[in-house]
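Me: Here is a structure I would like to go through by question and answer. Please keep the terms defined as we go.

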Amino acid sequence: MSGDAPRRVDPFAPARLGPITLRNRVIKSATFEGVMPDALVTAELIDYHRRVAAGGVGMNTVAYVAVAPDGRTNHACLYMRDEAIPGLRKLTEAIHAEGAKASAQIGHAGPVADSKSNGVVGFTASRRFNPLSMRFTPAATEADLERVIDDFRRTALGCEEAGFDALEVHLGHNYLLSAFLSPALNDRTDRWGGPLEKRARLSREVLKAVREAVGGRLAITAKLNMIDAIPKGLEIEESLAVAKMIESDGTLDGLVLTGGSSFGNPMFLFRGDAPRSEFGAALSPLLRFGFKLVGRKFMPDTPFEEAYFEEHARRFKDALDLPVILLGGVNNRATIEKALDDGFGFVQMGRALLREPDLLLKMQRGEQSEGVCIHCNRCMPSIYSGTRCLLIDPDPIEAGPPVA
Ligand SMILES: Cc1cc2nc3c(=O)[nH]c(=O)nc-3n(C[C@H](O)[C@H](O)[C@H](O)COP(=O)(O)O)c2cc1C
């Protein structure tokens with residue numbers, strides 16, 4: 001009978017992720033911090049991460065490190081270059097000083113990149129209009145793709161030099177690699193488009209390059225869309241097949257699962273109340289007018305459920321040997337324990353830790369079993385004025401100069 005007894009995994013015991021050991025099984029998810037006006041680390045960015053690390057997480061994710069200037073979401077987004085490394089080193093040192101490991105989310109924004117703000121035109125799988133920049137993003141050439149694979153390799157090495165312990169390669173939310181995976185966004189007929197094997201090629205090539213660069217020293221994870229939740233988008237049967245291909249490549253130490261599209265269905269990522277008025281207020285007057293017309297359709301209120309991706313993510317966990325990391329609406333200690341007992345390797349938490357950076361410590365001490373975040377999602381548009389919980393801190397964060 002003992003074989004039937006449920007596994008009991010202590011969320012607060014140390015756990016291995018590839019070549020590194022985390023002090024516990026809770027990872028702060030990537031929540032773009034927005035306090036880097038010069039695309040470099042500031043004291044405010046360090047402060048933000050220090051608070052989360054001091055709050056007890058096993059690992060903290062810095063979001064996000066673009067692999068090239070054209071891979072930024074907008075100009076105020078950090079991208080990897082020599083000049084960025086000393087500041088990033090200070091950032092990882094601050095996280096380490098609080099006992100947590102540091103992960104960098106690395107990615108290329110592809111169709112999400114605002115080329116007008118970036119001052120440089122990027123690329124995506126197939127030519128597409130970007131309403132933020134009011135410009136078309138062109139389809140990537142062979143040379144663009146060769147370059148971007150190398151940019152991922154270079155960024156991985158830069159992150160190692162800056163002292164990061166882990167990387168999270170962004171394969172979600174219809175950023176570049178996710179756009180290549182998506183049948184809705186990739187209608188190429190060359191070796192990068194068409195059947196799934198070809199749509200998955202870019203993600204696999206990138207992960208191979210990252211593995212070759214830092215594998216065995218840094219833990220390598222990826223954040224993969226399970227479903228795009230847009231018309232004709234990626235569905236779970238295909239994403240499961242992608243996950244199996246990636247697992248067989250041996251390029252990953254863990255897989256984080258997500259869904260939705262930053263420009264096509266953002267509320268699918270988050271669930272809860274849609275912060276339409278705050279989001280509209282962050283846009284230029286012209287875009288604000290357009291948003292007034294389509295805002296409710298683009299961003300509907302969506303019921304929030306604890307662990308809302310669990311049902312989908314369980315299919316990946318059951319099909320893969322790779323440690324699978326549960327994300328999406330993890331708010332309670334009971335949810336964390338159940339996920340780990342069920343066989344998820346780790347959990348990630350985002351908004352609950354924006355609201356209470358010390359939630360983990362409070363759970364560990366038995367002072368609190370549930371986060372107090374109400375999923376109003378007003379933190380979402382705060383990415384333009386310093387990412388924070390607006391219920392605690394309504395005022396914009398004035399980011400200072402880059403740290404030397
Ligand atoms: C303010 C904010 C910024 C975010 N930025 C990113 C990002 O840069 N990259 C990413 O992959 N996900 C980003 N996310 C999504 C979170 O990582 C996470 O997937 C989502 O919030 C669901 O997890 P949660 O319910 O624990 O918050 C962001 C979320 C929020 C609230």
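Me: What is the volume of the second largest pocket?
Reply: This is a predicted model, where local features need pLDDT of at least 70, side-chain atom pairs count only at pLDDT 80 or more, and totals for chains, interfaces and linings use all residues. Residues are numbered from 1 along each chain as its sequence is written, and side-chain values use heavy atoms, with hydrogens and water left out. A pocket is an open set of points on a 1 Å grid over the protein atoms alone, with protein on both sides within 12 Å along at least five of seven lines; points are joined across faces, edges and corners, and a volume is the space filled by probe spheres set on them. For the second largest pocket that space is about 200 Å³.

Me: Which element gives the largest share of the lining of the second largest pocket?
Reply: Lining residues have an atom within 4 Å of a point, and here they include Y48, R51 and V52. Helices are DSSP runs of H or I with at least four residues, numbered from the N terminus. Both α1 (43-54) and α14 (351-355) supply at least two residues of this lining. The largest share, three residues, comes from α1.

Me: How many cavities of 30 Å³ or more does the structure hold, and what is the volume of the largest cavity?
Reply: A cavity is a set of grid points where a 1.4 Å probe fits but cannot get out. The structure holds two cavities of 30 Å³ or more. The volume of the largest cavity is about 100 Å³.

Me: Which residues lining the largest cavity are the closest to its centre?
Reply: This cavity is lined by 14 residues. The closest to its centre are C373, C376, N377, C379 and C389.

Me: What is the volume of the second largest cavity?
Reply: Its lining includes L17, E168 and Q348. The volume of the second largest cavity is about 40 Å³.

Me: How much of the ligand's accessible area does the protein cover?
Reply: An oxygen atom of the ligand is 2.5 Å from a polar backbone atom of A30, and a nitrogen atom of the ligand is 2.8 Å from a polar backbone atom of F32. On its own the ligand has 610 Å² of accessible area (Shrake-Rupley method, 1.4 Å probe). Of this, the protein covers 96%.

Methods. A polar contact is a pair of N or O atoms within 3.5 Å; within protein, one must be able to donate a hydrogen and the other to accept it, and residues adjacent in sequence count only if both atoms are side-chain atoms.
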